[in-house]
Amino acid sequence: MKAKVVVMPKAGVLDPQGKAIGHALAGLGFEGVGEVRAGKVIELELAETDPVKAKAEAEAMARKLLANTVIESFSVSLD
Amino acid sequence: MQAGIVMFPGTNRERDMALALQRATGRKPAILWHRDTELPAGTDLVVLPGGFSYGDYLRCGAMAAQSPIMRAIHEFAGRGGHVLGVCNGFQMLAEAGLLPGALLRNASLRFLSMDCHMRVERTDTAYTGRFQRGQIFRSTMAHGDGNYFADEATLDRLEGEGLVALRYTTADGQVTEAANLNGSARNIAGILSPNLRVLGLMPHPENQVDPLIDGTDGLPLFESLAEALATA
Amino acid sequence: MKIDTLAPERARQLAAEFGLKPDEYERVLAILGREPSLTELGIFSVMWSEHCSYKSSRVWLRELPTKAPWVIHGPGENAGVIDIGDGLAAVFKMESHNHPSFIEPYQGAATGVGGILRDVFTMGARPIANLNALRFGSPDAPRMKQVIDGVVRGIGGYGNCVGVPTVGGEVNFHPRYNGNPLVNAMTVGIAPRDRIFLSAAAGVGNPVVYVGSKTGRDGIHGATMASTEFSADSEEKRPTVQIGDPFAEKLLIEACMELMATDAIVAIQDMGAAGLTSSSVEMAGKGGVGIELDMERVPQREQGMSAYEMMLSESQERMLMVLRPGAEHIAERIFTKWELDFAVIGRLTETGHIVIRHNGVVEADIPLAPLESEAPLYRRPTAETPKQPVLDPASVADPVGLEAALTTLVACPDLCSRRWIWDQYDSMVGGQTAKRPGAADAAVVRIEDHRRALAMTTDTTPRYCLADPEEGGRQAVAEAWRNLTATGALPLAVTDNMNFGNPEKPEIMGQFAAAVRGMASACTALDFPVVSGNVSLYNETEGRGILPTPAIGGVGVLEDVTQAIGLALPAGTELVLIGDTQGWLGQSLWLREISGREEGAPPPVDLTAERRNGDFVRAQILSGAVRACHDCADGGLLVTVAEMAMASGIGATLLPSPADCPAHAFWFGEDQGRYVLAVADATALIAAAEAAGVPARRLGRSGGEGLVLPDGRSISVASLRAAHEATLPALMEG
């Protein structure tokens with residue numbers, strides 16, 4: 001089973017990368033872009049076949065290592 | 001003083017740190033391995049040196065913070081042991097929850113390798129006894145992720161409890177935005193644990209211990225440790 | 001042994017696609033006595049490529065002096081090795097990564113650094129410093145900002161992570177590099193002089209071991225990738241860009257250093273260009289033995305890779321070793337500890353052939369001796385670069401005056417501060433960097449646990465080389481020698497990185513031959529042999545060659561690091577110019593930036609004067625008489641003094657120039673073999689110079705916050721520095 005973990009900077013945490021991307025988009029003439037946030041996606045191949053267990057497992061991984069909950073939030077989805 | 005420097009895969013300032021400790025104490029520190037599960041008996045100081053542990057992949061210090069030796073370091077700190085984290089080591093301490101907050105990417109989004117100046121905020125710690133209170137000293141930084149972040153409540157608590165050890169200043173001691181090269185909250189360069197025994201800082205005072213190389217501005221930090229932790 | 005050969009027509013067509021010329025392919029047929037297999041054709045094409053065979057350059061490179069009593073290993077090994085005293089050897093080389101850095105600047109530059117590091121630590125040396133030589137196009141050319149940004153980030157990203165300080169380098173800008181920037185990376189390492197590891201394999205039956213990262217499809221030649229026949233499956237387009245993993249490299253360094261402390265290794269070679277092919281062919285070829293490899297044992301990152309793909313892959317951070325029989329377990333324990341792949345993939349044989357098997361099927365069987373001895377070697381036609389007339393300084397009017405010219409020059413792209421770049425490189429890691437970037441004419445790095453230090457620099461002046469390649473080649477070597485000398489170091493040897501255009505054009509081959517001639521004359525006169533090097537040809541922008549760029553990496557030694565001096569001007573000293581000044585404006589930056597002219601013969605290098613002046617300056621530095629020293633290079637004398645002042649923030653008051661030379665020619669001419677020295681006692685220095693037959697001239701006195709010109713006008717050093725340091729940030733962040 002494949003799980004996808006999306007890790008994003010928490011609201012309120014400065015995201016200079018997102019800011020820089022937004023600035024660059026504006027520079028390229030893309031108008032109407034509001035706030036830009038840059039995070040990361042981590043794809044996991046899990047042996048677990050039960051979706052509920054797989055999701056719980058991926059969430060545990062995210063809390064323990066994949067995200068730093070001081071500055072990041074995460075969400076897990078299954079394919 | 002018996003010091004141990006922990007090597008993680010990707011650590012690269014362990015030699016610099018060993019030279020600094022040796023200069024101050026006259027004794028070679030032990031080199032510890034990240035897979036060790038115990039610290040050598042009689043360890044007085046554990047140092048997490050700079051580098052790119054695990055390539056800084058995922059987040060700086062994140063994977064090192066989960067390595068076997070960190071459990072032993074947690075226990076050591078819990079018993080009142082002294083732990084120094086420099087640069088990547090500071091990032092590990094934050095990731096491991098031994099110090100609050102996190103180190104974000106530098107505000108400029110660039111790796112910064114340059115001189116910086118810091119003000120010593122208190123001198124009643126094992127790390128700062130040889131400095132004067134309010135002393136400004138020069139060091140060098142070399143990091144991409146040294147932008148100290150904590151929520152306002154945490155920052156207020158750190159300030160209130162006097163746990164901000166070092167603050168970025170200009171050469172003449174002004175706490176300004178221009179002096180705050182990486183964009184850290186409140187110009188914070190280094191913080192202490194509530195018992196004052198765990199110190200994390202981003203710059204590299206271990207590179208300022210030799211008059212032939214880059215001066216000795218950083219030496220008092222190591223001499224302070226040597227004095228405070230001298231084996232009776 | 002049965003081998004699956006290509007059909008004759010198909011083979012001929014593929015050979016052309018792989019870049020083999022028809023007569024080269026005929027040699028393949030003659031060597032094999034049959035049609036090649038796909039894997040064999042791949043091996044021939046990469047081994048006989050310009051990059052691996054030096055087929056256009058080799059006849060000329062032989063003219064370079066490569067020997068001296070202190071040279072332990074000259075060209076032909078992974079890197080050059082010289083004796084630096086105290087039982088130590090310095091191991092160093094420079095290598096280009098030009099084309100990859102234009103395609104993907106970050107990864108191109110990063111993998112360039114990774115590759116040159118491996119060349120050095122594969123010989124048993126711990127890398128102690130990285131340098132680079134960069135040429136970019138006009139800053140306003142399309143994409144150039146991204147290229148500059150990516151290259152700088154890539155060099156920093158790799159070097160900072162592996163923990164080797166990046167201590168020096170040089171950068172030029174010119175429109176002729178618009179479509180072809182140059183990224184030349186240099187590494188210097190230190191080894192015990194009796195513990196140098198070489199690549200010649202020995203010992204029939206000895207195991208051949210693969211270590212490092214896994215092999216993927218990275219970097220396999222584009223021509224073959226386009227050929228759909230080799231991708232039976234329809235996966236997404238395969239990567240041609242190699243991706244660097246500095247973390248893996250750091251582990252590889254530590255693991256190799258640990259293994260090298262044992263006696264397990266017989267021979268070792270990194271897998272650089274053409275990966276497993278060149279490493280296995282060169283190791284066995286040099287050792288005069290045969291080699292057999294079983295490709296299914298190669299650690300693989302992707303599924304379904306063919307022998308052809310594995311032999312040609314340029315995946316990074318890999319090494320090939322021949323071990324002492326029975327030493328596998330020692331190596332395996334160390335590489336497992338460092339979490340790196342380790343696999344015995346073959347053995348040495350007495351056949352003199354390279355035999356590649358994949359799942360028991362023979363994919364290649366080539367005799368090694370003719371693969372090397374029959375390799376093409378060309379003496380391509382050359383055309384001399386026409387000499388340019390010497391520009392009479394009296395014929396060039398000064399349109400702006402000294403002050404305006406100086407202010408313009410210190411801020412122009414070729415002379416402005418490189419701080420924006422070096423601030424992104426960790427120059428201190430290791431704790432031994434005594435002279436950081438900008439502090440001296442060459443970087444100075446002490447050797448851990450010794451007083452001894454190495455000075456190192458990279459230099460060349462491409463605009464001189466274009467105007468007169470021989471004079472330019474001579475000047476490049478002389479300037480590297482001068483920069484080392486200016487720190488007090490004794491120059492010992494050089495590595496060269498020859499970046500030129502298409503060698504099939506006689507004028508380009510002529511540039512190459514002349515540059516080598518010039519370099520050889522200087523290397524000989526200055527006792528400064530070439531011990532390693534790299535050639536990069538076919539560098540072109542829109543069908544036009546780049547400026548001929550023979551980058552020189554120089555290394556020198558200081559017996560005691562305390563003897564090293566920098567260029568920052570101290571207060572209260574007297575300034576003395578060493579060397580003769582005619583006021584040579586041809587090809588000067590003043591002429592280009594102020595008069596908008598790129599013309600004239602470049603300044604000639606008088607090697608006798610060069611040697612005499614340099615030896616005098618070094619002796620004075622080592623005697624302790626000199627407080628600061630800076631050589632006169634781009635921009636001329638006034639820029640030299642201004643750079644010294646900007647480095648310390650301390651000004652100077654300058655004396656008038658001689659009456660027989662126009663002021664702008666005296667202050668901005670680029671005459672060679674000159675140094676500015678700051679000393680306590682100019683009279684004594686000038687007397688000593690006279691005694692040594694060295695021209696010396698009092699220039700002025702340091703102090704204050706302004707640079708006071710002979711016409712009495714004062715320029716604040718702080719404002720000069722602001723202009724000097726503003727250019728690159730404005731260009732890159734603006």
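In this structure, 33 residues of chain B are in contact (heavy atoms within 4.5 Å) with 36 residues of chain C. The model is predicted, so local features need pLDDT of at least 70 and side-chain atom pairs count only at pLDDT 80 or more, while totals for chains, interfaces and linings use all residues. Residues are numbered from 1 along each chain as its sequence is written, chains are lettered from A in the order in which they are written, and side-chain values use heavy atoms, with hydrogens and water left out.

**Chain pairs**
- Two pairs of chains are in contact, and chains B and C share the most contacts.
- Chain A and chain C have no contact, and their closest C-alpha atoms lie 11 Å apart.

**Interface of chains B and C**
- About 2,800 Å² is buried between chain B and chain C, 51% of it on carbon and sulfur atoms; buried area is the accessible area (1.4 Å probe) that two parts lose on being put together, summed over both.
- On the chain B side, B:Arg110, B:Leu212 and B:Ile213 lose the most area to chain C, together 24% of what that side buries.
- Eight salt bridges (a side-chain nitrogen of Lys or Arg within 4 Å of a carboxyl oxygen of Asp or Glu) are counted between chain B and chain C.
- B:Arg15 and C:Glu448 form a salt bridge through their side chains, at 3.3 Å from N to O.
- The elements of chain B giving two or more residues to the side that touches chain C are α1 (14–25), β6 and β7; helices (H or I, at least four residues) and strands (E, at least two) are DSSP runs, numbered from the N terminus.
- β6(B) gives the most to that side, with four residues.

**Sheet of chain B**
- Chain B has an open sheet of nine strands in the order β2-β1-β3-β4-β11-β10-β9-β6-β7, with mixed pairing; two strands pair if DSSP finds at least two bridges between them.
- β2 (30–33) and β7 (136–143) of chain B stand at the edges with a single partner strand each, so one side of each has no neighbour in the sheet.
- From one strand to the next, the twist averages 25°; axes are lines fitted to C-alpha atoms, for helices over the stretch in contact, and angles run from 0 to 180 degrees between N-to-C directions.
- Helix α2 (residues 68–78) of chain B packs on the sheet and touches β1 (3–7), β2, β3 (45–48), β4 (82–86) and β11 (198–201) of chain B.
- The direction of α2 makes about 135° with that of β3(B).
- Strands β6 (residues 112–120) and β9 (residues 164–169) of chain B pair in the antiparallel sense over four bridges, and B:Val120 stands opposite B:Leu166 in β9(B).
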